[in-house]
Amino acid sequence: MSGFEIQWRVVNALVYRELRRRVSDVQGGFLAVLLEPVGQIAVWAALRLIIRQASSVNNLNIWLFLATGVILFNLYARVAAHGLTTMEANKALFFYRRVKPIDTVLAKAIEELGLYSLAAIIVFGLVWAYLYNLVLQNLPLLVISFVLMALLAVASSLLSLVGSYYFPNLKQVLSWINRALYLASGVIYAPMDIPQFARDFLVWNPLLQCIELARKALSIDYQIPSQVTLSYPAGFALVYLSLALWCYTNNEKVLIRR
């Protein structure tokens, strides 16, 4: 087998291992893992319905609006945070020459992308069953939004993997950054509903653009800022991932030896 085939088999084995561990750590098993983001969506939906008494946000059903924000951001956050703990959690695996730290990051990204894609299907299916009106205008754009978010998460995970080696206290700093990103990524609000000066600043966030593009894919009536385009998060992800891979490649041997 070629080196690529071997590494692909390693990643597949790690995906199975991560998924089995993820499911076994949660009471209720696989179904509980899938319904975890649904609970978050329900809480935010209840709060918005109580405060604003509106069943839609910017012409998009409130459940679909919150589902795209919560699911996509959780996908990013869980994969990005994995880089901080993967060396300690998988230390025994690195005894095997074929297993590299990047393999565990890729396995985590594939696992979370699959789980949160299934969670999205569940939420969209429940909305359709209840309202019998689920509009999906652009399936390719929705899929691309998920993939771009996963790529951004992989890049962040690799950078945090390297950064935590040189700066052990980085975990505390990144936890605060993730909380700020949650507020700055339009998870629970529509950028079109905030003042122009704040919107012009927030649209530079590629996470917000991925979330907004996913919402636009669900309904053509959903209004997004003019600065939100597919080319920006795609270009950002390419540059960001290239930088992360460069940093990781130049530090891989150091990470494994520690």
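Among the elements of this protein chain, helix α9 (residues 231-249) comes out with the highest mean pLDDT, 95, while helix α2 (residues 29-52) has the lowest, 72. Those numbers matter here since this is a predicted model. For the protein chain, the mean pLDDT is 84, and 89% of the residues reach 70 or more.

**The overall layout**

What is the chain built from? The protein chain has ten helices and two strands. If you walk along from the N terminus, the elements run α-α-β-β-α-α-α-α-α-α-α-α.

How much of the chain is tucked away? Of the 258 residues in the protein chain, 47% are buried. As for contacts with a separation of 6 or more, 77% of them in the protein chain are between residues 24 or more positions apart.

Side chains of opposite charge can pair when their charged atoms come close. How many salt bridges does the structure hold? There are four, and three of them are set out here, among them two that involve K108.

| Salt bridge | N to O distance |
|---|---|
| R78 and E112 | 3.2 Å |
| K108 and E111 | 3.7 Å |
| K108 and E112 | 3.0 Å |

Start with R78 and E112, whose side chains meet in a salt bridge at 3.2 Å. This pair links distant parts of the chain: R78 sits in helix α3 (residues 62-89) and E112 in helix α4 (residues 101-131), 34 residues apart. Are these two residues buried or exposed? R78 is partly exposed, with a relative accessible area of 30%. E112 has 0% relative accessibility, so it counts as buried.

Now for the pairs inside helix α4. K108 and E111 both lie there, three residues apart, which is about one turn of the helix. Both K108 and E111 are buried. E112 also forms a salt bridge with K108, with the closest N and O atoms 3.0 Å apart. Because E112 and K108 are four residues apart in helix α4, about one helical turn separates them. K108 counts as buried because its relative accessibility is 7%, and the cut-off for buried is under 20%. Put together, salt bridges that share partners join R78, K108, E111 and E112 into one network.

**A nonpolar spot on the surface**

Which residues form a nonpolar patch on the surface? They are L136, L139, V143, V147 and L151, and together they have about 390 Å² of accessible area. L136 is found in the loop between α4 and α5 (139-166). With a relative accessibility of 43%, L136 counts as partly exposed, because that label covers the range between under 20% and over 50%.

**And the cysteines?**

A disulfide is a covalent bond between the sulfur atoms of two cysteines. How many does the structure hold? Zero disulfides are found here. C210 has 0% relative accessibility, so it counts as buried. C247 is buried too, with a relative accessible area of 16%, because the cut-off is under 20%.

Technical notes
Residues numbered from 1 in each chain as written. Predicted model: local features only at pLDDT ≥ 70, side-chain atom pairs only at ≥ 80, totals over all residues. Heavy atoms only, no water. Disulfide = S-S within 2.5 Å. Buried < 20%, exposed > 50% of the residue type's maximum accessible area, 1.4 Å probe, protein only. pLDDT = per-residue confidence, 0-100. Contact = heavy atoms within 4.5 Å. Patch = residues over 30% accessible without salt bridge, like charges linked within 9 Å, V, L, I, M, F, W, Y side chains within 5 Å. Areas by Shrake-Rupley, 256 points an atom, 1.4 Å probe, with all protein chains shown as cover.
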